[in-house]
Structures are given as C-alpha cells and as structure tokens.
Amino acid sequence: MSAIDPTEVFRQEASELFEVLEGALLDLGQRPDDRELVDSAFRALHTIKGSGAMFGFDKVASFTHEFETAFDRVRKGEIEPTQELISVALAAKDYIRALIEDPQSTDDVIGEAILDDLKRFVFSDQPAAPVAAIIEAPSPAPAERKQAGWHLYLEFESHILRNGSNPLDLLEDLCKLGPCFVVPVTDGIPFLDEMEPEDCYLKWDVKLHAACDKGAIDDVFMFVQDEMKLTLSPLEQVEAPAPAPLFQLLDEEPAADVETPAPVVETPAPVEAIAAPAEQPAAKTEPKSETKPETKPETKREAAPARREEARQDRGIATVRVQAERLDELMDRVGELVIAQARLTQLAASGSDLSIKVIAEEIERLASSLRDTTMGARMVPIGSLFGRFRRLVHDLSRDLSKPVDFVTSGEDTELDKTMIECLADPLVHLIRNAIDHGIEDTAARAVAGKTAQGRIELAAVHSGAQVLVTVKDNGGGLNTARIRAKAEEQGLITAGAVLTDHEIHQFLFHPGFSTAQTVSALSGRGVGMDVVKRTIENMRGSIDLSTRPGEGTTVTLRLPLTLAIIEGLLIRVGEGRYIIPLSAVEECVELTAEDERSRGRNFLNMRGNLVPFLRLREIMSSSGTPDQHQKTIIISTGETRVGLVADQIIGNHQTVIKSLSKLHSDVTIFSGATILGDGTAALILDVAQLVALAQSKVEKQHISEAA
Amino acid sequence: MSSDVTEPRWSLRLPADCSIAAIRSVYDLIRDAFGRQARIEIDCSSVDKADVTSIQLLLSTAKTGEAQGRPVVLKSFSQSLRNTLRRAGFASEAMIDQHFPQKKDGT
C-alpha cells in the first residue's frame, strides 16, 4: 500500500470543487437571481480557502479570501452578477487552480490584476451604495428597531476544522454586523490524553449589539449551518445605547469610539466586559445555566441535527475514493477470470462429470455478475465531462462574439471511465466546430430570421448496449456544394460524379479536408474531424453527420458502454474463429440459394432493401470448401447496413478485449483479439472498417457496371 | 523546538507553525514533554501561525497540568498568538490570565 499524499488528496478535492465553482459561475450567467448558485459558488470557494490553508497553500488561501471578499456583494444581493463579472470570476478561478496545480507558472501580478478587475466590477457602483445604506439604515420595521441585538450560542461539530472552516473567520464576520461581545466557552476542552488536536472543542457565547435581522446572521453561518448548532435569541432592550465593544476587529478599539454615539456607555462597557470573564469559573461547573434555559432559542436547526448526522453518515459510506489504476487492475483481473471461466466451462462440457458441470455453471454465473459489478464500478456519469465544455462554450462565445445558449441533457448517462477520458478531445473539436463554423454571426442570424443567440445542445442517451452522444447546433447547416467543390478540387472525387449528400458530407472526415475560408486559431486547418473520427473508431464507436440547410447540424457519436469486456458473436470462417461485437449485429439470416446465384453482385434482398454483403472467406483467404449452409450476419453502423457471410455462427461470447500489437497496426479490419475457452485466440472484427470496405466495393461495382 | 535538560524544568519552544496543518506534531511534542518528570515551560515566542487548534491545545495543556499538579508555565506569547486569542474572544489580558494562570511574559 502506498502512503497517500495529503497534498495530492487536496489537489483532487480542489479539482472537484473547481468544477462545482465553474458550473455555478456559468449557471449564474444564465440565472443571475438564483441564490442557490451564489451559495454553491461560495461554498466551493470557502472550502478551497480553508483546505488550502490547512495543507499549506497559503497563497491559495489568501487569494481566495480576497476573491471571496470582493465577491461578497454578489452574495449579499447588492449587485447583479453580470457577464463581465463572471468572466473575471472565472479567470480568478483559473488563477487559483494554477496556484494549486503549478504554482511556479503563476505570477502575483496576474493575481493582483484579476483582483483589481474584480473589485472594479464589484465596486463600480460603490458611490451609490453608502447612500442606499444610509437611507435603509433608519427605516427598518418598527418591531426590529426595538430590538437591542442578538444573543448567540455557537457550538460547532468536532470535525469542522478539518473541513477547512474557521470559526474565527465567522466570528469576525459576525463582528462586521455590529459591536460584538464574544466569550469563549472552554469547558468542553478535554485533557491532553483525550484530545484529538484537530477537533473543535471551543464554543462561543456572543452578544451582538446590532439591530440586524436574523437573515444577516444566518448569512454569516450559511456555509457551516449543517455543521453547527446555533442558538439564537433576541437581546432585550437596554436603557443605554449599545456599549462600545471591548474588541472590534483586530486592534482598532480607539478609532471605533469616534462613531459610538455616547460617552455615557463608558461605564457599563467595562462592567459587562469584565463581568463576562469573571463569571466563567462558575460556568465551568454549571455550564450555560444562566443563558440557555431562560432564552427562547430559535431552534429551527436543532430538530434536524440528528437527521442530518444520519444523512452525513450515509453519505460517508456511500462513496469511496479509489485510484483509477486500481480499477483498471481489477478489470484486468476480471478479464483473466472470465477467460479462465470460459476454459473451465469448455472443459466441463467435454467431460461427463456432473458435479464439475454444476461448479462450472456456478462459476460462470459468479464471473458474469463480478464482471457486471466491476464494469459498474468503472462507470462514470457523462455529466462530469459535459461540465468542462460549458467553459469552452462560454469563452468561445465571448471571443467570437456569438452569443450561444449551451444546453446539456442526459448527464446521468454512464460510460466507462476510459471512454469518458477518450471522449473529451473529440467533443472539444465538435463543439468548437459548431460555434466557429456552425453558428452564424448575429447579423447573418438576423437576416435568416433566427434569434441572435445560437444554441448548442450536447446530449447523451442510452441506446441498447451503446451510448449516443449528440452535438447539435441551430446554425446554418453544412454547405454541401462547398464541400463537394472542395472535394473535387482536392481530387477526392471526379467532377460530376453522382453522390448523395450523405456521401459528400463524409469528406469532412478526410484528413486535411477543410472548407473554412479562413484559418483561425480555433478551426479551419483541416485537422480535427479526421482525428475525431479515428478516435471514435478506436473506441469501437462510429460517427454520423446529419444536417438541414439553414437549420443546423447534428453530429451523433455511437459508443460502446465499455472498452474492456463486450458481448460478442462468435463465428467461424474456414478454420478461423472471429468475434463480431454484438452491439453492431442486427440480425442473422441464412444465405439462400437465390442469394448465392446472384454471385458477382453481392447484394442481399432484405425485406425489399438491398444490402451489400462481404464473403468473409474471401477476405480472410480461407482455404477448403465453404460449408453448405452459409450464414449472413447483418451488421450496421448508423444508417448503413452490411451483411457478413460466415460458415457458422457459434454463439454469443463474453469477449475480453486484448489490443493488438503494433506489428498489426496496419491490419485495419480487426480491432483487437480475445482468448477463447480452449486457449486459442480469436480476432475481433472492426465493424466500421468492414462497412467502409463493403461500401467501397459497391462503388467499384457501380463504376465497372457503368463502364 | 529546543529543550534544556540540565534544569529540573523541561523547556519547550513551540514551532512557528501551530496551525491545524501542524498541530498534530505540536500535540505530540507537548505530550512527550508531559511524559518527563519535570516542570514544563512552554515558550510561545516563535509561534507565527496559530488558529483555534493552537488555542485549544494550550488550554488543554494548562488544564492537564493543573489536574496533575504540575503547573505548566506558558511564556512569551507571540503577537500572532495574541491576535488569534483576541479573535477567539480572549479579549483582555485578564481573560487570558484566567485561562492560562501560569502564563509568564517577557522572560
């Protein structure tokens, strides 16, 4: 077992918090009035700050503190979170991330500039603010004016300090509301032997002499309200005005006197201040006997703690953080187990010992459920990936001055974590293309009678054993004529060749093909779509384009759920055995004598539709005579269907995918290999390549027939 | 930390970082000091980072010392530690003295 580096744990946690923060900030741009978003952003910031300080990232803590302070007016609802403000906040988030991940790459000047920007936006209306405050101050409800302040009793949960929260900051925030008398309650401090030094034992008894409303106090404890017990009761009216605080923030007591209205308070102040600590020894034996029973605490939170504690405990055991490579290792082991189990099953089937057969079946069942459980453990909601693109869209939309509404759906759809990692780059390309090429500029949209704001939808949905991920824009659609002209110019097709629109669009996936008239930093260099296609096909997926002129383009990615173990259809061609991914199989039919007679044309009549087929014996150059009753397996990628003619369909097979060595990298029709129960290897057919091969054969046939 | 074993008292200087990030090691130091048969004197002059955990640890140290009849002398509170104490509500010298009866300043 390797020791866990706490700094690394912090980095991981921070990375998750950054996602939350970024998501909240971006959402805030859409829904500026949503208080929950502001709170969520602040909660993330607060935790980053606290944990940062705890793990020695002092710069992170101090910058985040400044960030929090500047952003505080948004939290208080005093200013609207404008787009400009959100952009600066996002830049601040990036800076904090850099401070954590690569502190060497950062410069304090950048941080200061960001804070200056932030303050500029936040305090741009500052001259007006004090006026508003002065106007508001004398006019609270009469009932509130009578109130002298609040009596608070603060009791934090023991783990609160470990979470990065700092009660002293909260007390400081409380003091900002008005003169505060803070008395620490130390009777909970244990002896050294019983102490957990990181736990919180101190409690506080606070008298706040300010006629603020309860909401203002709740705001102070907003982020820790689930982790504390706050007992709040109104202070009774006292004859004299609020006494001067014994201590205000830091060491500024003399200056504060200027604003406190009456010198009369000089006398009561020390009395109360000194009385409080003097009573402390008595409080040791009889804790809170004076304050607690007589106050009428507003205990709306008190009823809930037990329930909350339960919920937290549930959450505690609900998730465990596991290193990704351990899951990979586990998957490898399960793969080996599945192979060994297949061998056992085969051995048991060939023998006559019934007890072995029973055990083999039992192990098969267990291996199968272990496989499913392990694969389930590797599944990650695709929403974790989608979240990243919101920032991309936000930034591109700003840089290109194309307002874009980015909508995601199906975030809960789960995919193998390896697939999620592989999917990030292709989706970046597709989304960039959608904004740069797909969505028209505002003027063009106005001419077309569209709304100024473009729309990009990123969706994921389960479809059988596959996941469909679609990127859909409501831009101008593909310019088929321009793609065709470009293809002709590049010599990919002859002028005048008859091609469907769908076929023409496929040129977009050709290496080096770009119709962009200008090359920008974003796209137009012709690298991208071919890479996207290759990446998706390497994941045993497929990509499909559909477009409507003037209405937009939809790119659909079809992906298998996992890259590790798949359900396959085991077939025999000559002496060799091959696997076809079951997700690509539509149906199996016998090759009829009529189909056989149409040799040379290689088309099947499938309920009225002509489907081209490939004879695998020819492709594999199998020797010997073919079986009498040949079988055809109809496979499909997207809209295209192709038949594969084999000698025998053996049955379904749990296929543990083993990648082929580099020596086989030029063999395109196989995507991998697997080990069968008898220890021999079977190659896995690459469906996308076979479909492409069949199509090219059809085209050749067309050409030769035309000639 | 420095310790002086030639005298019957055990003198311990707290490290600069007494915040939650380092409090466990400070706790171990103090417990270690309690394990010795000597008077304990804790020098807080170098404390540069302090928080709630530092205050709690000192309170517990004073409480434990008192219970065991081995007064623990806390001396030379640094400015940083004082600030933290103030922020936690130990607002006056009188109050600090009350919780840390064996506090000694200056020396």
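**Helices, strands and a chain contact**

Reader: Which two helices of chain A have axes that come within 9 Å?

Author: In this predicted model, the axes of helix α3 (residues 58-75) and helix α5 (residues 108-122) of chain A come within 9 Å and cross at roughly 10 degrees.

Reader: OK, so are those two roughly parallel or roughly antiparallel?

Author: Angles under 35 degrees count as roughly parallel, therefore α3(A) and α5(A) are roughly parallel to each other. The crossing of α3(A) past α5(A) is left-handed.

Reader: Which residues make that contact?

Author: From α3(A) you have A:F63, A:E66, A:F67, A:A70, A:F71 and A:R73, and from α5(A) there are A:G111, A:L115, A:L118, A:K119 and A:V122. By class, seven are nonpolar, one is polar and three are charged.

Reader: Switching to strands: what does β1(A) join to?

Author: Strand β1 (residues 149-156) of chain A runs antiparallel to strand β4 (residues 228-235) of chain A, with eight bridges between them. Six bridges join β1(A) to strand β3 (residues 203-208) of chain A, again antiparallel.

Reader: And what stands opposite A:L154 in β3(A)?

Author: That's A:W204. In β4(A), the bridge partner of A:L154 is A:L230.

Reader: Now the two chains. How many residues does each put into the contact?

Author: Chain A gives 28 residues and chain B gives 32.

Reader: Which element of chain A gives the most there?

Author: α8(A), with four residues. On the side of chain A that touches chain B, 22 residues are nonpolar, four polar and two charged.

Conventions: Residues are numbered from 1 along each chain as its sequence is written. Chains are lettered from A and ligands numbered from 1 in the order in which they are written. This is a predicted model: local features need pLDDT of at least 70, side-chain atom pairs count only at pLDDT 80 or more; totals for chains, interfaces and linings use all residues. Two residues are in contact if their C-beta atoms, placed from the backbone, lie within 7 Å. Ala, Val, Leu, Ile, Met, Phe, Trp, Tyr, Cys and Pro count as nonpolar, Asp, Glu, Lys and Arg as charged, and the others, Gly among them, as polar. Two strands pair if DSSP finds at least two bridges between them. Axes are lines fitted to C-alpha atoms, for helices over the stretch in contact, and angles run from 0 to 180 degrees between N-to-C directions. Angles under 35 degrees count as roughly parallel, over 145 as roughly antiparallel, 65 to 115 as roughly perpendicular and the rest as oblique. A crossing is left-handed if the near helix is turned anticlockwise from the far one by less than a right angle, and right-handed if clockwise.
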